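Good morning, colleagues. Please take a moment with the sequence and the structure on the screen, and I shall then go through the packing.

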Amino acid sequence: MIDVSTDADSFKSVAGVISCGEMKSIGYIVAGEKAVSVGIVDEPLKNIGNLELVSGCWPESSYDVVMEADTLCELGLDYTLGQEIRLPVIIETENGIYEIEKQYKLSGIVKEFTDIWSVQYQDFNIGLTGIILSDDAFQLLSSEAAIEFGLKENEIIKRQVFINVEKELRDQAV
């Protein structure tokens, strides 16, 4: 049994693990008929998932956001880098559903990946982070939401760890 309560580093010492990455989300927006998760991804996960920027750069400031091209289309937005984007982020907790609206600047567009990946947990699919913030923007959003709604940050942040394992282990799991 591996304890992943701290972070993706918990897996690094496990035999057969090549790399591991982490995604954290705080909520989602509704874009057309789908919910798109808002959060952060670390560098190892960008590599594991082959996340590829189509244009622009990864978010750096507390106002930057990277989005998938299809999400921009669903929101009726074009691909102009630097444009201001208002996001009504929906946060679900055990105590209720909350919404906080934030404005960001589009710093980059990432090739679609959330429709390709499917993370199954029990009987439902878990949405992957398709709206990527900088670490600072994520921290600011989670802090503001916690204060505004009287929640603890650990109540609103959801973590997912992704592991890249050697082929022999993948074959054994199938």
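I begin with S37, which is found in strand β2; strands are DSSP runs of E with at least two residues, and helices are runs of H or I with at least four, both numbered from the N terminus. The model is a predicted one, in which local features need pLDDT of at least 70 and side-chain atom pairs count only at pLDDT 80 or more, while totals for chains, interfaces and linings use all residues. Residues are numbered from 1 along each chain as its sequence is written, and side-chain values use heavy atoms, with hydrogens and water left out.

S37 has a relative accessible area of 7% and is therefore buried, a term that means under 20%, with exposed meaning over 50% and partly exposed in between (1.4 Å probe, protein chains only). Between S37 and I90 there are 9.3 Å in space, C-alpha to C-alpha, and 53 residues in sequence.

Let me turn to the protein overall. It has 5 helices and 10 strands, and buried residues make up 41% of its 174 residues. Taking contact as heavy atoms within 4.5 Å, residues 24 or more positions apart account for 67% of the contacts with a separation of 6 or more.

Next, the interior. A nonpolar core here is a set of buried Ala, Val, Leu, Ile, Met, Phe, Trp, Tyr and Cys residues joined through side-chain atoms within 4.5 Å. The largest such core has 29 residues, and M67, L87, V89, I91, I131, L133 and L141 touch the most other members. Elements that each supply at least two residues include β1 (17-31), β6 (96-110) and α3 (135-149). Of these contributors, α3 gives the most, with 6 residues. Leaving aside residues up to four places away in sequence, I91 touches I26, G27, G96, I97, Y98, I100, A145, F149 and I156.

Which residues of α3 are buried? They are A137, F138, L141, S142, A145, A146 and F149. Seen down the axis of α3, these fall within an arc of 160°, so they line one face of the helix; the arc is that of the directions from the helix axis to the C-beta atoms. On the other side of α3, D136 and I147 are exposed. After α3 comes G150, whose phi is positive, near 65°.
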